[in-house]
Every structure is written in C-alpha cells, then in structure tokens.
Amino acid sequence: MDRWSGVLKVPLHSSSRVLYRVAASLCLSTNSKTLLDSYAVFPHPMVPSANAIFFNGDCVQGTGNSVIEKLSNVEEIVEILVSKFGGSVNAWVVEASTFNGPFAVYKDFIPSVNQWGDPKSYSPKGFPASTSTVSLLSNCLEAAKKSISGRQKEPCQLGLSPSRSYQPKTFILGFSKGGTVLNQLITELGFSKVESIEHSPQIKESDVQEECQMLPNSKESLLNSIAEIHYVDVGMNSAGAYITDQDVIRGISKRLAEGAGGIRFVVHGTPRQWCDKRRDWIRNEKDKFVHLLESEAEHSEGKLQVCERFYFSDQPPDLQMHFEIIENLDVS
C-alpha cells in the first residue's frame with residue numbers, strides 16, 4: 001500500500017494565526033474510482049482502518065545524543081506509529097502550538113494550563129480537547145490533500161474501500177507532557193453521553209462526506225471512536241500526570257454499560273518516570289489510575305481493559321530510555 005508522509009503547519013481555526021506542527025502518514029489508493037466518479041489513476045487518500053493520534057511532549061534539543069535526537073523527530077515518530085499499528089492506519093503526531101522555552105503548552109486543548117504547560121485541573125466544560133482534535137486534524141487532512149494534489153494533474157479525491165468500516169477507530173497516544181491531553185480527553189469521555197452510531201453495510205459514495213470517512217467530524221464521533229488509549233512514559237514536574245478522579249473513571253464505565261464500544265488502556269513506563277524519587281507523585285498517580293481502571297474493569301464484562309508495561313526495568317533511569325520507549329512500544 002502506498003503512503004503519503006509529510007509535516008504540516010496548520011491553524012486550529014481559520015481565523016487563528018498560531019500554527020500547529022503535525023507530522024502525518026496517510027494511506028493512499030490508486031483505485032480509479034473516487035467520490036466524483038473520476039477515472040484518474042493518481043494516488044489519493046483512502047479510508048484507514050484507524051487513526052493513531054500521538055500527542056508529543058516537551059522539546060528536547062542539543063543533547064548530543066543521536067538516539068534522543070532521532071526519536072525527538074516527529075517524522076521518525078509517525079513512521080514508528082505506522083510500523084506498530086499497521087499499514088492500514090493513518091498516523092498523526094501533534095506538537096503543541098506554543099512552547100515556553102522547552103515546555104509544551106497545550107492551551108487550546110487544556111485551558112487551565114499555566115505558563116509551563118502544567119494543568120491546574122481537568123474539566124469537561126466546553127469539551128476543548130475533543131473539539132480541538134477534530135478541528136486540527138480536519139485542517140491537516142485538507143492541507144495534506146492539497147499537497148498530494150500538487151503532485152498530480154487531477155484534483156485529489158477520497159478513495160473509498162468497501163472493506164473499510166464507515167467509522168475508523170481512533171487510537172490516542174500521549175508521550176511525556178502529551179499525556180496531559182489524554183487526561184483531558186478522558187475527562188471529557190467520562191462526562192459525555194453515548195451517541196448512537198449506525199453502521200450501514202452499504203454506503204452511497206455521493207452521500208458520504210470526505211471528513212466523515214477519514215476522520216471523526218464531531219467531538220461526539222471522536223469520543224465514540226476511541227478504542228485504545230496509550231500513556232507513553234508520561235510525567236511532569238508537578239501533579240496531574242495521570243487521572244486520579246474516580247468520577248471520571250466511573251463515567252467511562254457507565255458509558256460502556258450504556259452501550260459504548262469497548263476501550264483499552266495501556267500504561268507504558270520506564271524507570272525515568274516511575275522510579276524518580278524526586279517526583280514520586282508520578283508513580284503514585286499511575287498506581288491509583290491503574291487501580292481505578294482495574295476496579296471498574298471487573299464489572300465491565302470485558303469492555304474495559306487495562307494493561308501496564310514496564311520497559312528497561314533493569315536499567316538505571318536516564319533520558320535516553322525516556323525516548324527509546326517510543327521505538328520499543330508494545331501495542332499488542
């Protein structure tokens with residue numbers, strides 16, 4: 001399967017002057033049939049099996065360590081995601097729009113963050129993370145299609161594949177500071193209503209919106225599509241690395257009981273974060289988070305799953321392992 005990969009710089013909203021830097025790797029199809037029944041044979045984006053969305057952390061530069069430099073590169077990370085989740089996924093690596101020195105500040109996704117990007121609290125009010133994710137990726141898709149169209153004479157259309165489900169699944173990953181976006185999304189998920197999703201076996205091409213095929217087009221469809229959530233060595237210099245609000249986890253469990261699709265949480269960590277005695281709250285929060293999930297999972301009839309994976313457990317903590325976990329992720 002052919003792919004298009006690139007780094008996009010797009011605004012969250014059309015009126016915004018602030019640009020997000022997003023690496024993308026998209027499935028391409030050379031199937032001659034497109035939404036407009038064009039018979040061009042040029043490559044065009046096709047419906048993925050899932051969208052893997054990776055929220056990156058703080059900026060690390062000038063370490064002199066080739067491993068860290070390589071795994072700090074968003075273009076490298078997006079290709080790793082494809083290798084982990086399979087060639088039928090679309091992968092997106094999102095960097096914060098604002099940095100205070102090296103510190104990532106996801107202020108559009110988490111309005112309560114301070115100047116260093118540390119959240120004061122997580123609240124579902126306004127659903128900022130889910131709304132921002134949908135808007136940002138929609139703009140990214142449009143930018144990617146323009147880039148692909150620039151290499152060919154025919155307009156870039158969306159390829160439909162009969163073997164694809166109408167609504168691709170969503171896999172959410174947060175690395176280091178990027179885990180704060182996961183916490184905000186989980187909070188919104190815990191306080192959202194279950195929206196009914198109709199799966200039609202036959203979809204008329206003329207009735208399908210392009211963004212509906214490639215990506216969720218609303219905060220409700222995004223939250224409903226989330227099938228996996230991966231915490232990747234998350235941690236901060238203050239509290240709030242993991243969700244410890246029991247009401248949020250119970251809300252997710254309630255959604256599952258009301259008919260929402262199953263969801264799997266995977267918590268990945270290294271001694272860099274989990275064995276840091278100077279920041280012992282990280283491990284304490286992680287342990288409480290996993291305990292809350294496991295308690296609810298017991299009553300979920302298998303719809304809520306939780307897994308904890310510890311990497312480089314026999315090595316002393318260092319910065320390199322914090323990045324190497326990306327390359328060593330076990331998402332099975």
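A search of the whole structure finds 13 aromatic pairs, where rings of Phe, Tyr and Trp (its six-membered ring) pair if their centres lie within 6.5 Å, and planes under 30 degrees apart count as stacked, over 60 as edge-to-face and the rest as tilted. One of these is the tilted pair of Tyr242 and Phe289, with 5.8 Å centre to centre and 35° between the planes. Tyr242 lies in the loop between β9 (226-232) and α7 (246-257), and Phe289 in helix α9 (residues 281-297), so the pair ties together parts that are 47 residues apart in sequence; helices (H or I, at least four residues) and strands (E, at least two) are DSSP runs, numbered from the N terminus. Tyr242 is buried at 2% relative accessibility, and Phe289 is buried at 0%, where buried means under 20% relative accessible area, exposed over 50% and partly exposed in between (1.4 Å probe, protein chains only).

The model is predicted: local features need pLDDT of at least 70 and side-chain atom pairs count only at pLDDT 80 or more, while totals for chains, interfaces and linings use all residues. Residues are numbered from 1 along each chain as its sequence is written, and side-chain values use heavy atoms, with hydrogens and water left out.

With Trp274 at 3% relative accessibility, and therefore buried, and Phe310 partly exposed at 37%, a second contact joins two rings whose centres are 5.4 Å apart and whose planes stand at 20°, so the pair of Trp274 and Phe310 is stacked. This pair links distant parts of the chain, as Trp274 belongs to helix α8 (residues 271-274) and Phe310 to strand β11 (residues 304-310), 36 residues apart. The charged end of Lys286 sits over the ring of Trp274, 4.2 Å from its centre, the criterion being NZ of Lys or CZ of Arg within 6 Å of the ring centre and within 35 degrees of the ring normal. Elsewhere, Lys219 lies over the face of Phe127, at 5.7 Å from the ring centre, and ring pairs link Tyr20, Phe55, Tyr106 and Phe109 into a cluster.

Among the residues closest to the centre of the largest pocket are Asp58, Asn237 and Arg279.

Conventions
On a 1 Å grid over the protein atoms alone, a cavity is a set of points where a 1.4 Å probe fits but cannot get out, and a pocket is an open set with protein on both sides within 12 Å along at least five of seven lines; lining residues have an atom within 4 Å of a point.
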